[in-house]
Amino acid sequence: MWHHENPVRHTIPETLWPSAAEAAGALLFSPVRVGPLTLESRTWVPAMVPWRATEDGFVTRENLEWYGRFAAGQPGALVVEATGIRDIPSGPLLRIGHDRFLPGLRELVETVRRAGRGETRLFIQIIDFLSVKRRPERAKYFERFLSLAERHRRALVEALGDESWMGREEHEVRGFLRDAPEETLGAVLDERELEALRFGYRERVTDEHLAHVRELPEVLPGLFADAARRAREAGFDGVELHYAHAYTMASFLSARNTRADGYGGARENRVRLPLEVYREVRRSVGVDYTVGVRYLSDEVIEGGSRVEDAVYFGEQFARAGLDFLSVSKGGKFEDAKQPKAGQAVYPYTGRSGYECMPTVISDAQGPFGRNVPLVAQIKRAVNEAGFRVPVVAAGGITTFEQAEEILRRGEADIIGAARQSLADPDWFLKARLGRGEEIRRCTFTNYCEALDQTHKQVTCKLWDRVRLDEPDVSLSRDGRRRLLPPEWEEKSTEDKYPQGRATEAQSHRDKEG
C-alpha cells in the first residue's frame with residue numbers, strides 16, 4: 001500500500017454512542033426513498049469482494065453465510081459484490097452472465113431475506129472488466145509474448161551501433177533482450193511492451209485496434225441489460241452499475257479516455273456509453289425497479305478525472321433517471337505498484353488505491369470521511385440542478401456521530417460503511433438499540449485489503465482467529481481463520497427489536513407525511 005511521504009499515525013476517533021431513544025430520532029435510522037422503494041434506514045453496506053464463489057462463478061455455501069451474516073445486522077441496504085456480466089472465467093467471483101447462475105443467486109436472495117427479517121434491501125453490483133494478465137517471468141516474456149518486429153531490430157542497431165542485428169536469427173534477438181540492461185530495453189521496447197514486461201499485459205478501452213474493444217459500445221448495453229434482467233428474476237431489489245475504479249465503464253468516464261469514435265475525449269462523449277448502458281438496462285427491467293450507479297469523485301491519477309467531472313456525470317446520471325449515486329474515489333491501475341512475477345497488478349496499491357481505502361497511517365487530514373467533501377460537492381450540484389436522487393457517501397465512516405453529522409449537514413443522504421461493517425456486521429443494529437459500547441471498531445489497518453490483494457478469502461483481524469473451536473464454524477482453506485464473525489448473542493431475543501423497529505419506521509413516516 002502507498003504511504004504519504006511524512007506519514008502520521010492516527011487513532012480511531014473517540015465517540016459517544018446514542019441511547020436507544022436518541023437513535024430512534026436520528027436521521028441515520030430514518031427511512032429514505034431510493035427510486036421505487038423505501039429503505040428502512042439510511043445505512044448501507046457497499047459491495048465487497050469476499051473471494052468465496054466457485055472458480056466458475058457460482059454461489060457457494062460460504063457466499064450464503066457471508067451475505068446472511070451482514071443481513072443479520074439489518075442495514076437499510078446491502079450490496080452484493082462486483083458480479084461479472086460476461087459468461088467468461090473470472091476466478092472465484094460471482095457471475096450473472098448466463099441463466100445457469102440464477103438458482104444460486106435466488107438462494108442468496110432468499111438467505112438475505114430470512115437473515116434480515118425483511119428489513120434489508122438487497123442490491124447486486126454488476127461489472128464488466130477487460131483482460132489483465134499476470135506479470136510474466138522475464139525469460140517467458142521474451143520467449144513467448146513479445147511480438148518481435150523490424151522496429152525492434154532497428155532500435156537495437158541505433159542503441160548499440162551494430163548493423164548485424166538486422167539479420168540475426170530471431171532466437172538470438174530474443175535471447176539478447178532477455179538479458180539486456182534496463183537502459184537498452186527502454187530504447188528498444190515501446191511503452192506498452194515495457195508495461196507488459198514489468199506489470200503484465202492490460203487491455204484499455206482506448207485499444208481501438210482490437211476488434212472486441214472497438215465494439216464495446218455495441219456490446220456492453222445488451223450485456224448489462226441481460227444481467228439486470230437476471231438480477232430482477234433472481235429477486236434482487238435492484239442493481240448497482242459498477243462505473244468505478246479500474247474497470248471498463250470507469251475507463252470510459254475517465255479523462256484519460258481518448259477514443260476517437262465519439263465515446264472519448266470531451267465529457268459529453270465519455271458519459272455517452274454509460275448513459276446508453278443505463279437506458280438499455282432500464283428498458284430491460286422497467287421503471288418500477290431500482291437502478292443506481294457506483295462511480296468516482298476523483299480518479300486520483302495523473303491526467304485522470306477530477307471532482308468537476310464527477311459533478312457533471314452526477315447531473316447527467318440524475319437527469320437520465322438513475323435511482324441513486326454511490327460515490328467512491330480512486331482505485332486505479334495507472335499508479336499501482338509493480339506486482340511480483342506470476343501475480344496480477346492490483347489497482348489499490350498506489351496513491352489512488354490509498355484514497356479508495358485510506359488507513360490510519362495517513363497525512364494530517366487522516367483517513368476518516370476523507371471522500372465526504374467531494375461527495376457533498378456532487379450532491380450540492382445535483383440538488384441545485386433540480387434533482388433529489390439520493391447520494392451515498394462512503395470512505396472511512398466509522399461512528400454514529402460522524403454519520404449523523406454528514407446527514408444533518410446535507411452532505412449525503414445515505415451512509416455507506418464497508419470496513420466498519422466487516423469488523424462488526426451488527427454495528428448499525430447495536431447503535432440503533434443504544435448498545436454502541438458493544439460495537440467492534442474497525443482499526444483501519446487494511447488487513448482485509450491485504451487478503452483481497454492476494455485473492456484470499458476476506459476476513460477481519462478483529463474476529464477471524466477467535467473461538468475457532470465453535471461447533472460448525474466455517475474455516476478458511478488453510479484452516480487458520482474463521483470466515484464469519486461470531487454471532488452477536490445479545491440480539492437473539494425476538495421482542496428486542498423487530499416490533500420496535502416497525503413502530504419507529506411508522507413514526508418517521510408519520511413525521512414525513
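A residue is called buried when its relative accessible area is under 20%, exposed when it is over 50%, and partly exposed in between, using a 1.4 Å probe and protein chains only. Keep that in mind as we walk through the structure together. This is a predicted model, in which local features need pLDDT of at least 70, side-chain atom pairs count only at pLDDT 80 or more, and totals for chains, interfaces and linings use all residues. Residues are numbered from 1 along each chain as its sequence is written, and side-chain values use heavy atoms, with hydrogens and water left out.

Let's begin with the whole chain. The protein chain holds 21 helices and 12 strands; helices (H or I, at least four residues) and strands (E, at least two) are DSSP runs, numbered from the N terminus. Its C-alpha trace spans about 85 × 55 × 50 Å along the principal axes. What radius of gyration would a compact globule with 513 residues have? The value would be near 24 Å, and the protein chain agrees because it has 24 Å. That radius is taken over C-alpha atoms, and the globule rule is 2.2 Å times the number of residues to the power 0.38.

Of the 513 residues in the protein chain, 57% are buried. The chain exposes about 21,500 Å², and carbon and sulfur atoms supply 48% of that area; accessible areas come from the Shrake-Rupley method with a 1.4 Å probe, and for residues only the protein chains shown count as cover. Contacts tell us about the fold too, where contact means heavy atoms within 4.5 Å. Among contacts between residues at least 6 apart in sequence, 70% join residues at least 24 apart.

Is Glu-401 buried or exposed, or something in between? Its relative accessibility is 35%, so Glu-401 counts as partly exposed. Leaving aside neighbours within four places in sequence, Glu-401 is in contact with Glu-14, Thr-15 and Leu-16. The C-alpha atoms of Glu-401 and Pro-18 are separated by 8.3 Å, although these residues are 383 residues apart along the chain.

Next, some backbone angles. Most residues other than glycine have a negative phi. Phe-444 is not a glycine, yet it has a positive phi of about 55°. You can find Phe-444 in the loop between α19 (427-432) and α20 (447-453), and it counts as buried because its relative accessibility is 2%. Arg-467, also not a glycine, has a positive phi near 50°. Arg-467 lies in the loop between α20 and α21 (498-512), and with 41% relative accessibility it counts as partly exposed.

Now for the empty spaces. Rolling a probe the size of a water molecule over the atoms shows where empty space is left. On a 1 Å grid over the protein atoms alone, a cavity is a set of points where a 1.4 Å probe fits but cannot get out, while a pocket is an open set with protein on both sides within 12 Å along at least five of seven lines; lining residues have an atom within 4 Å of a point. Grid points are joined across faces, edges and corners, and a volume is the space filled by probe spheres set on the points.

How many cavities of 30 Å³ or more are there? The count is 5. The largest cavity has a volume of about 110 Å³. It is lined by 13 residues, and those closest to its centre are Cys-442, Thr-445, Tyr-447, Cys-448 and Cys-460. Both α18 (419-423) and α20 give two or more residues to this lining, with α18 supplying the largest share, 3 residues. The lining of the largest cavity divides into 8 nonpolar, 3 polar and 2 charged residues. Here Ala, Val, Leu, Ile, Met, Phe, Trp, Tyr, Cys and Pro count as nonpolar, Asp, Glu, Lys and Arg as charged, and the others, Gly among them, as polar.

The second largest cavity holds about 90 Å³ of space. Among its 14 lining residues, Leu-253, Leu-296, Glu-299, Ser-305 and Phe-313 lie nearest its centre.

We finish with the second largest pocket, which contains about 380 Å³ of space. Its lining has 15 residues, with Tyr-141, Phe-145, Arg-192, Ala-196 and Tyr-201 nearest its centre. Helix α8 gives the most to this lining, with 3 residues.
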